[in-house]
Amino acid sequence: MIHGSSTFIHVGQIHIDQSPGAISTVLGSCVAVCLYDSKLGIGAMNHYLLPFWNGNGLQTPKFGNISIPKMIEQMVLHGSSAKTLEAKIFGGASMSIGGSEAMMIGEKNVLVAREILKEYRIGIVAEDVGGQNGRKIQFDLERGKVLMKYATRCEV
Amino acid sequence: MEEKIISDPKKLYLILKNVLANACDYGDANGSVQVTISKSESAVTIAIKNQGHGPNVEYKAQVFTRFAPGAEGEHGLGLGLSIARELCGLLDGSIDYEVDETTVTFTVTLPLQEAVADSEACGSNEFLFESFDDAIEL
């Protein structure tokens, strides 16, 4: 049961909020990283589409290697430090085009999250990634817990 | 062409269906329809060539405009090619045709796209109002 308001985020968004709010999203091959600071009672969630910015166009947070550091920086600005943060990773389902897995984007999205969190020395305390199903998640900032359901109708 | 392309299959189907139907309907009765697919660095081009004479219009644009004079034909209202053009536009592509003495070639050009994740699911709020009953807590 969420006591505060819940904010839904779309692809390319980062949202920081505080207890007792919640942040939710729906993921296919995209990945959402949830960061939680239990001391401050604040948390953040991002939602990115592709693992790496390829050098063309804007460096938007729809790329994991842009979105994750940006989210960490924002948490630090709110008073968190890597020591007090814990991370959870969700999404990265495999997509298929014509029966074959294309480019393994879901998997690469998950790998980039693990690599960047490792660089920042932020521990991953839970994850539910990969597979064939989309996911719906709700990050409860009061308890730092993520409720997750597999999407019942999802063409991923 | 061996590589796969990434596109919207429904739109692509409708584009090709309309252009092929046009070639079959308005080509010479005993003629053939030749489909050629080629790829450049940034685009894929599908050329559909039939034997016959070109559309009876003053300007090319009329062929791709709904209810434009000359666009309607013996086999329909002439909506097919205007639909194909609109769908090509939605895929950031283009459609054109060339006429020579004995053949007409319609060319559909679509940009090659990088593989992107399934954005239909990602960020969709389709499941937003479903409850989290029986959800897994992590």
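This tour stops at some aromatic ring pairs and then at one helix.

Before you start, note that this is a predicted model, in which local features need pLDDT of at least 70 and side-chain atom pairs count only at pLDDT 80 or more, while totals for chains, interfaces and linings use all residues. Residues are numbered from 1 along each chain as its sequence is written, chains are lettered from A and ligands numbered from 1 in the order in which they are written, and side-chain values use heavy atoms, with hydrogens and water left out.

**Stop 1: a ring pair in chain A**

Rings of Phe, Tyr and Trp (its six-membered ring) pair if their centres lie within 6.5 Å; planes under 30 degrees apart are called stacked, over 60 edge-to-face, and the rest tilted. By this rule there are 4 aromatic pairs over all chains. Select Y36(A) and F139(A): their ring centres are 5.9 Å apart and their planes stand at 65°, so this pair is edge-to-face. Now show the strands (DSSP runs of E, at least two residues, numbered from the N terminus). Y36(A) sits in β4 (residues 31-37) of chain A and F139(A) in β10 (residues 135-140) of chain A, so the pair ties together parts that are 103 residues apart in sequence.

Buried here means under 20% relative accessible area, exposed over 50%, and partly exposed in between (1.4 Å probe, protein chains only). Y36(A) is buried at 7%, and F139(A) is buried at 1%.

**Stop 2: rings in chain B**

Move on to F64(B) and Y97(B), whose ring centres are 6.1 Å apart with planes at 55°, so the pair is tilted. F64(B) lies in the loop between α2 (60-63) and α3 (80-90) of chain B, and Y97(B) in strand β3 (residues 94-99) of chain B, so the pair ties together parts 33 residues apart in sequence. F64(B) is buried, at 5% relative accessibility, as is Y97(B), at 6%.

**Stop 3: helix α2 of chain A**

Back in chain A, select residues 105-119, which form helix α2; helices are DSSP runs of H or I, at least four residues. Colour its buried residues, among them I105(A), N109(A), V112(A) and I116(A). Looking down the axis of α2(A), you will find the buried residues within an arc of 160° (taken from the directions from the helix axis to the C-beta atoms), so they line one face of the helix. On the face turned away from that buried side, look for the exposed K118(A) and E119(A).

Notes. The expected span of a helix is 1.5 Å times one less than its number of residues.
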